[in-house]
Amino acid sequence: MSRKRKSRKRTLAVLDFETDPFEYGAEILPFAAGLYTGNDYYEFWSDDCATDVAEIIREQHLTVYAHNGGRFDFFFMLEHFNAELFLINNRIAKGTVGNSIMLDSYLILPMPLAAYKKDEIDYGIFKRGVRNLAENKKEIRKYLRKDCEYLHEWVSKFIGRFGTKLTVAQAAFDQLSKTGYPCKRRSSEKYDEKLRDYYFGGRTETFKTGFIPGDVNVVDINSAYPAAMCDYHPFGTAHHVISKPKMLPKEAFYFASVRAVSKGALPLRKSEKDRGVWY
C-alpha cells in the first residue's frame with residue numbers, strides 16, 4: 001500500500017527588482033533584488049541579483065508574488081524558471097522556480113502598488129553613475145525593502161479574505177457562489193452561439209490626426225466599462241422598438257430596438273461572415 005505524501009506548506013513571499021531608470025533607448029537591467037517572506041528579508045545588490053535571488057527561491061518551498069511580474073520582473077529570471085509556464089493574455093500568470101511557485105500579484109490586485117501604499121523616491125539616483133554612492137544606495141535599499149513589505153501586506157490581506165486565487169475574477173466567482181448567486185464558470189457552445197453576435201465594442205473614431213494646434217483636454221474614466229455596467233446599464237425586461245426619434249422614451253436608460261440608417265453612428269455588422277468587422 002502506497003502512502004500519500006503530505007504536501008509541504010508553502011510560505012508566502014514577495015519579490016521585487018530595482019532596475020536602471022526608464023530612458024529612451026536604454027537597456028533596462030536589474031541591479032538590486034528583494035525577497036520578503038514576512039519574517040526573513042533577502043537582498044542582493046549586483047548585476048547578477050536575478051540569479052542570486054533565484055537560488056534562494058529554488059531551495060525553498062515558497063509562493064512568490066511579484067507585482068506585474070508576468071510582464072516585468074519574471075523576465076529577468078526567466079532562465080531559472082522550470083519549463084512549463086501558464087500565460088494569460090501574454091502575461092506569465094504562473095510558473096515555478098525549483099520547488100517554489102511564482103505568481104503575478106497584478107492578476108489579483110490590478111492596480112499600481114501606489115494605490116495601496118508606496119514611498120516616494122527620485123529615480124534619478126538609480127542611474128549607474130550615482131546609485132552606488134553611499135547615501136543613494138541607502139535610500140534605494142530602504143525603498144526596495146518598503147516596496148516588498150507593502151506588497152506582502154497587501155497580498156496577505158487579499159489571501160486572508162479570499163484565499164489563494166490566481167485572478168481577481170476567480171475570487172469574484174467564488175464570492176458569488178457563496179452568496180448563492182447562480183453563476184456558471186463555463187458556458188456551453190449553444191449558449192455562446194446564442195450570445196456571440198452581441199459581444200463587440202462600441203464606436204471608436206479619430207476625428208483628427210497629426211499636429212493639432214491649441215489647447216487639448218484629455219478626459220478618461222478609470223474602469224469605465226465596469227462603472228457603466230454597475231451604474232448606468234439598464235435592467236429588467238422593459239424594451240422599446242423605435243422607428244422615429246420623437247418616439248424616444250423619457251427613461252434615462254433602457255433597452256431599445258432601433259430601425260434606422262446607421263451612417264456609422266452605431267456598430268453594424270456588414271455580413272454574417274464578417275464577424276469582428278464593423279461599419
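1. A disulfide is a pair of cysteine sulfur atoms within 2.5 Å. With that cut-off, a search of the whole structure, which is a predicted model, turns up zero disulfides. As for individual cysteines, Cys49 is buried with a relative accessible area of 0%, and Cys148 is buried as well, at 1%.

2. Now to the nonpolar packing. The largest nonpolar core has 24 residues, and Tyr65, Phe126 and Val155 are the ones that touch the most other members. Strand S1 (11–19), strand S2 (30–36) and helix H3 are the elements that give two or more residues to this core. The largest share, nine residues, comes from H3.

3. There is also a second, separate core, made of 22 residues, with Ile57, Leu62, Ile92 and Met102 among them. As general background, nonpolar side chains in soluble globular proteins tend to be buried together.

4. How far apart are Ala114 and Asp147 in sequence and in space? They are 33 residues apart along the chain, and their C-alpha atoms are 9.4 Å apart. Ala114 sits in the loop between strand S7 (100–104) and helix H3 (134–162), while Asp147 belongs to helix H3 itself.

5. Is each of these two buried or exposed? Ala114 is exposed, at 53% relative accessibility, because exposed means over 50%. Asp147 is buried, at 4%, because the limit for buried is under 20%. Leaving aside residues up to four places away in sequence, Asp147 touches Asp16, Glu18, Leu113 and Lys118.

Note on methods
Residues are numbered from 1 along each chain as its sequence is written. This is a predicted model: local features need pLDDT of at least 70, side-chain atom pairs count only at pLDDT 80 or more; totals for chains, interfaces and linings use all residues. Side-chain values use heavy atoms; hydrogens and water are left out. Buried means under 20% relative accessible area, exposed over 50%, partly exposed in between (1.4 Å probe, protein chains only). Helices (H or I, at least four residues) and strands (E, at least two) are DSSP runs, numbered from the N terminus. Contact means heavy atoms within 4.5 Å. A nonpolar core is a set of buried Ala, Val, Leu, Ile, Met, Phe, Trp, Tyr and Cys residues joined through side-chain atoms within 4.5 Å.
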